[in-house]
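Work through the exercises below with the structure open. Each one has a task and a stepwise solution.

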Amino acid sequence: MGQPTTPTAPTVTSGTPTLPEPSAPAAPTAPDEARLRRELAAMYRLVAHFRMTDLIFTHISVRVPGPEQHFLINPYGLLFEEITASSLVKIDLAGNPVEPTPHPVNPAGFVIHSAVHAARQDAHCVLHTHTRAGCAVAAQRDGLLPLNQISMEFHDRVGYHDYEGVALNLAEQERLVADLAGHPALILRNHGLLTVGRTPGEAFLRMYYLDKACEIQIAAQAGGGPLVLPSPKTAELTARQLTGQEHGSDLQDDQAAELAWAALLRLADRIAPDHAN
């Protein structure tokens, strides 16, 4: 995560990232892994489409089914718009490739992800960004404010982690996990945003709306006028309505997230049909 650095641990493939020559088709994978590869590749293309990238930096990782604690992550050196299902790298909790790959891996980039995956069994997918709005709110003392219905999804449901430098020190993992706790999202102060999900779709939708909430906050503050905040009771009700918790309202929508993710996968098919290769 962050800008280019010289990784200190663990040991992985190193060298200057280059685009490989066209390679043979990837080895057959289990059905669940094959599906996750396609969805993760779609996530990378959607993050690029919605302009949430930072060149080749930041990451999205997904846990592969099975007891081995293996994960899929982007090949270091490729832009998000270049990533395909077959180019994703399978790694262990230390960030080391567990299968032959022509691609280097950035171990520093997995320090945050590995900590979250290891601590949260529900965090099958971890998404981290350095967006302009996310970094701006991460630099504000009061953090994310409940200024809008979108923002209120995260009312009392986002953790904060103080900046300790580029994530190259393994000792930081314990503090980061403690700050995330059981929340679906984490604001890394002076750094960026992180969301987790039980599925790729859940992690992506959380990031999309967390970043949108940050954009709304920066725009509202730029107006210069007094800000209107709802009562904590209203903010909590809205959060429950938007996160599927019991809320006592007359109506309920249990299909929204599933329908939105299906629509986003169709979008990925249209804008980047090669992502599934």
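**Exercise 1.** By class, how many nonpolar, polar and charged residues does the lining of the largest pocket have?

Solution. This is a predicted model, in which local features need pLDDT of at least 70 and side-chain atom pairs count only at pLDDT 80 or more, while totals for chains, interfaces and linings use all residues. Residues are numbered from 1 along each chain as its sequence is written, and side-chain values use heavy atoms, with hydrogens and water left out.

Step 1. Sort by class: Ala, Val, Leu, Ile, Met, Phe, Trp, Tyr, Cys and Pro count as nonpolar, Asp, Glu, Lys and Arg as charged, and the others, Gly among them, as polar.

Step 2. The lining of the largest pocket then has 12 nonpolar, 11 polar and nine charged residues.

**Exercise 2.** State how much space lies in the largest pocket and which elements line the pocket.

Step 1. The largest pocket holds about 1000 Å³ of space.

Step 2. It is lined by 32 residues, and Leu242, Thr243, Gly244, Ala256 and Ala257 are the closest to its centre.

Step 3. Two or more lining residues come from each of helix H4 (149-152), H6, helix H7 (232-243) and H8. H8 gives the most, with six residues.

**Exercise 3.** Describe how H8 packs against H6.

Step 1. Helix H6 (residues 200-222) and helix H8 (residues 256-271) pack at an angle of about 90 degrees, and their axes are 10 Å apart.

Step 2. H6 and H8 are therefore roughly perpendicular to each other (65 to 115 degrees).

Step 3. Pro200, Gly201, Phe204 and Leu205 of H6 make the contact (heavy atoms within 4.5 Å) with Ala257, Ala260, Trp261 and Leu264 of H8. The contact has seven nonpolar, one polar and no charged residues.

**Exercise 4.** Find the span of H1, then describe its packing against H8.

Step 1. Helix H1 (residues 31-49) has 19 residues and reaches 27 Å from its first C-alpha to its last, close to the 27 Å expected at 1.5 Å a residue. Arginine 51, which follows H1, has a positive phi near 60 degrees.

Step 2. The axes of H1 and H8 come within 9 Å and cross at roughly 80 degrees. H1 and H8 are therefore roughly perpendicular to each other.

Step 3. On the H1 side, the contact includes Glu39 and Arg45; on the H8 side, Trp261 and Leu264 are among the residues. By class, the contact of H1 with H8 has nine nonpolar, one polar and two charged residues.

Key: Axes fitted to C-alpha atoms, helices over the stretch in contact; angles between N-to-C directions. Helix = DSSP H or I, 4+ residues; strand = E, 2+ residues; numbered from the N terminus. Parallel < 35°, antiparallel > 145°, perpendicular 65-115°, else oblique. Expected span 1.5 Å × (residues − 1). 1 Å grid on protein atoms, 1.4 Å probe; cavity = no way out; pocket = protein on both sides within 12 Å on 5 of 7 lines; lining within 4 Å. Points joined across faces, edges and corners; volume = space filled by probe spheres on them.
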